[in-house]
Structure formats: C-alpha cells, structure tokens
Amino acid sequence: MASALSSPRYGDSLSVVAISAATAVLCETISWLLIYRTATYNSLRASIERHSRKLDAMKSGAGSSASSGAGGGGSSAQPASSRAKKMDRVETSLKDAARELSLAKLKSGAVVAAVLFVVFGLLNSLFEGRAVAKLPFAPVPLVQRMSHRGLPGNDPTDCSMVFLYFLCSMSIRTNLQKLLGFAPPRAAAAAGGGLFPMPDPKVN
C-alpha cells in the first residue's frame, strides 16, 4: 500500500490537485483585491438583490391580484397596465445592474486569465506526455479526446494533466467562491444582463 501511494502517478495527481487548489485561492485573492472589496461591486450586488426582491414581490402581487379580480370586469385593465410598466422598469434596472457588474469584473477577469494561462503552461511543461492519474472506467470517445490528450499508448483509462486540471479548476474554484460568498448573484444570471445580452422579445 505504501509503495502504491508513493508511486509517481499518485504523486503527479496530488501535485496537479494541489497546484489547482493554490491557483484557485490565488485567483480569488486577486479578484477580492481588484473587485470584491470595492464599493462599486458591493453597490451593484446590493442593487441586483434589491431589484430582484422587488420584482419577485411585484410578480407575486400581480398574480394574486389577477386571480382575485378575475370577475371584476374591465375596471382592472388600467391598474394591470400600470403594474406591467412598473415591472418592465424594474426588470430593465435589474438587467442594467447585472450588465454593469459584468463590466466591473472584466479587470480582474483579465488578470485571472493571465494567471491561469501561466499556470497551465507550467503544468503542461512539467507533465507533458505523462499520465497523472488512472480513471476507474473508460470514458466515452468525446471525453476521451481530452482525458487522453497528448498521452502515448492506447489505454483509455490513462488521465492526462489537462483533463485532471480542468476538473479540479472547475470544482475547486466554484466551491471556493460559494464558501467565501463570492459567487455571482443568482438574480444576475437570471436577468441575463451579461456583456452581450439577448434582445428583449417585448421590443419590436
């Protein structure tokens, strides 16, 4: 057992996982220094959450009003139209705030991308052509193109550094953001207010 745990394959896989975890901590530290601690980011985040709560309250209020006033005739047409306009304004404000939040994160995103590029290049030079782990099963051909990338031989259970680093980076950094409270607001994703938002279907 001791000899198996001390084999180069286990050592390589642990090295990749450790470097991925350290890189995730470094990236989140950079993001905190450049974005998360700024007044602009906190103000935009609070604005998104405030508009989201307001929009949810208006939607629930509109639903209850529609059900209770179904037999009231046309007298509720004007209030319903007014509520719809208010909801449109709040939704537009939510999308604008989400878009501004995405723009504010561009600066840290560029630095983090540079760090990830350097770390990936370093790992690629250290583990090029070496299997760093052994998969418990043979993956499907589409996944195997990445898991066996750059490896000699035909063993489909050999795992390349690229595949292990990709899995670690996705899982470790995502969970680290949730743990530290740095995960983007759900309302921002729901609003669709990214850098390239989809056109509003209500606009002709």
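1. Among contacts in the protein between residues at least 6 apart in sequence, what percentage join residues at least 24 apart? The figure is 76%, where contact means heavy atoms within 4.5 Å. Before going on, please keep in mind that this is a predicted model, in which local features need pLDDT of at least 70 and side-chain atom pairs count only at pLDDT 80 or more, while totals for chains, interfaces and linings use all residues. Residues are numbered from 1 along each chain as its sequence is written, and side-chain values use heavy atoms, with hydrogens and water left out.

2. Let us start with the overall layout. The protein has eight helices and two strands, and along the sequence they follow the pattern α-α-α-α-α-β-α-β-α-α. Here helices (H or I, at least four residues) and strands (E, at least two) are DSSP runs, numbered from the N terminus. Of the 204 residues, 30% are buried; buried means under 20% relative accessible area, exposed over 50%, and partly exposed in between, using a 1.4 Å probe and protein chains only.

3. Now for the record. UniProt, in an unreviewed entry, places the feature "transmembrane region" at residues 14–35 and 109–127. UniProt positions are given in the numbering used here, feature names are shortened, and annotations may be inferred rather than shown by experiment. In the model, residues 14–35 are 100% helix and 0% strand, with end C-alpha atoms 31 Å apart. Residues 109–127 are 95% helix and 0% strand, and their end C-alpha atoms lie 26 Å apart.

4. Next, a helix pair to look at. Two packed helices are described by the angle between their axes and the distance between the axes. The axes of helix H5 (residues 106–126) and helix H7 (residues 161–180) come within 11 Å and cross at roughly 145 degrees. Axes are lines fitted to C-alpha atoms, for helices over the stretch in contact, and angles run from 0 to 180 degrees between N-to-C directions. From H5, the residues making this contact are Val 112, Leu 116, Val 119, Phe 120, Leu 123 and Asn 124; from H7, they are Met 161, Val 162, Tyr 165 and Arg 173.

5. Where do the nonpolar residues gather? A nonpolar core is a set of buried Ala, Val, Leu, Ile, Met, Phe, Trp, Tyr and Cys residues joined through side-chain atoms within 4.5 Å. The largest such core has 18 residues, and Val 16, Val 132 and Met 161 touch the most other members. Helix H2 (8–36), H5 and H7 each supply at least two residues of this core, and H7 gives the largest share, six residues. Another core, of 14 residues, lies apart from it and includes Tyr 36, Met 58, Met 87 and Val 90.

6. Is Glu 28 buried or exposed? Glu 28 sits in helix H2 and counts as buried because its relative accessible area is 2%. Leaving aside neighbours within four places in sequence, Glu 28 is in contact with Tyr 36, Arg 173, Leu 176, Gln 177 and Phe 182.

7. Finally, take a look at Cys 159, which lies in strand E2 (residues 158–159). Cys 159 is buried, with a relative accessible area of 2%. Not counting residues up to four places away in sequence, Cys 159 touches residues including Arg 130, Val 132, Ser 147 and Leu 164. Cys 159 and Ala 131 are 28 residues apart in sequence, yet 5.3 Å apart in space, C-alpha to C-alpha.
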